[in-house]
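Please keep the sequence and the coordinates at hand while reading.

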Amino acid sequence: MLDALGVAVCLADSRDADAPVLYVNAAFEELTGWTAEAALGRSLEAVLGHVAGEAARPGREVLPIRRRDGSAVRCELTVTGIPGPQDGIAGWAVVLVDAGERVRSADEAAVVET
């Protein structure tokens with residue numbers, strides 16, 4: 001289902017301060033250069049660069065994300081909490097959109113956040 005969105009999606013564990021990556025979709029692999037195999041278990045900061053580790057959780061910011069090859073791409077990064085048991089947060093859903101290539105419509109933004 002997350003592959004059908006057409007935007008880069010990453011799920012991370014919120015129970016750990018480093019927020020290790022639990023899942024990435026194909027669009028995430030394409031945008032960042034990180035394969036699922038290489039990204040899983042690494043912290044968000046290790047995969048996306050130090051600015052990702054400093055991003056508000058939850059929140060939305062436009063940031064330069066580091067690709068695996070060391071190059072940077074300016075992305076709109078949206079971090080949303082994934083509800084867990086007893087009103088807690090079980091994880092983080094991170095959505096990346098290349099800010100240089102496209103501008104999202106309000107409807108598309110609502111679908112991604114949902």
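## Ile65 and its surroundings

In this predicted model, Ile65 touches Leu48, Val51, Ser71, Ala72, Val73, Cys75, Leu77 and Leu96, when residues up to four places away in sequence are not counted. Ile65 is also among the residues with the most contacts inside the largest nonpolar core, a set of 26 residues in which Phe28, Leu44, Leu48, Leu77 and Leu96 are likewise listed for the most contacts. Strand E4 gives the most to this core, with four residues. In soluble globular proteins, nonpolar side chains tend to be buried together.

Ser71, one of the residues touched by Ile65, lies in the loop between strand E3 (59–66) and strand E4 (72–83). Leaving out residues up to four places away in sequence, Ser71 touches Ile65 and Arg66. The C-alpha atoms of Ser71 and Thr32 are separated by 9.3 Å, although these residues stand 39 residues apart along the chain. Because its relative accessibility is 30%, Ser71 counts as partly exposed.

Asp13, by contrast, is placed in strand E1 (residues 8–13) and is buried, because its relative accessible area is 11%, under the 20% limit. Apart from neighbours within four places in sequence, Asp13 is in contact with Ala19, Pro20, Leu22, Ala90 and Trp92.

| Residue | Partner | Distance |
|---|---|---|
| Ser71 side chain | Asp69 side chain | 2.6 Å |

Methods:
Residues numbered from 1 in each chain as written. Predicted model: local features only at pLDDT ≥ 70, side-chain atom pairs only at ≥ 80, totals over all residues. Heavy atoms only, no water. Helix = DSSP H or I, 4+ residues; strand = E, 2+ residues; numbered from the N terminus. Buried < 20%, exposed > 50% of the residue type's maximum accessible area, 1.4 Å probe, protein only. Contact = heavy atoms within 4.5 Å. Polar contact = N/O pair within 3.5 Å; in protein donor to acceptor, adjacent residues only side chain to side chain. Core = buried A, V, L, I, M, F, W, Y, C linked by side-chain atoms within 4.5 Å.
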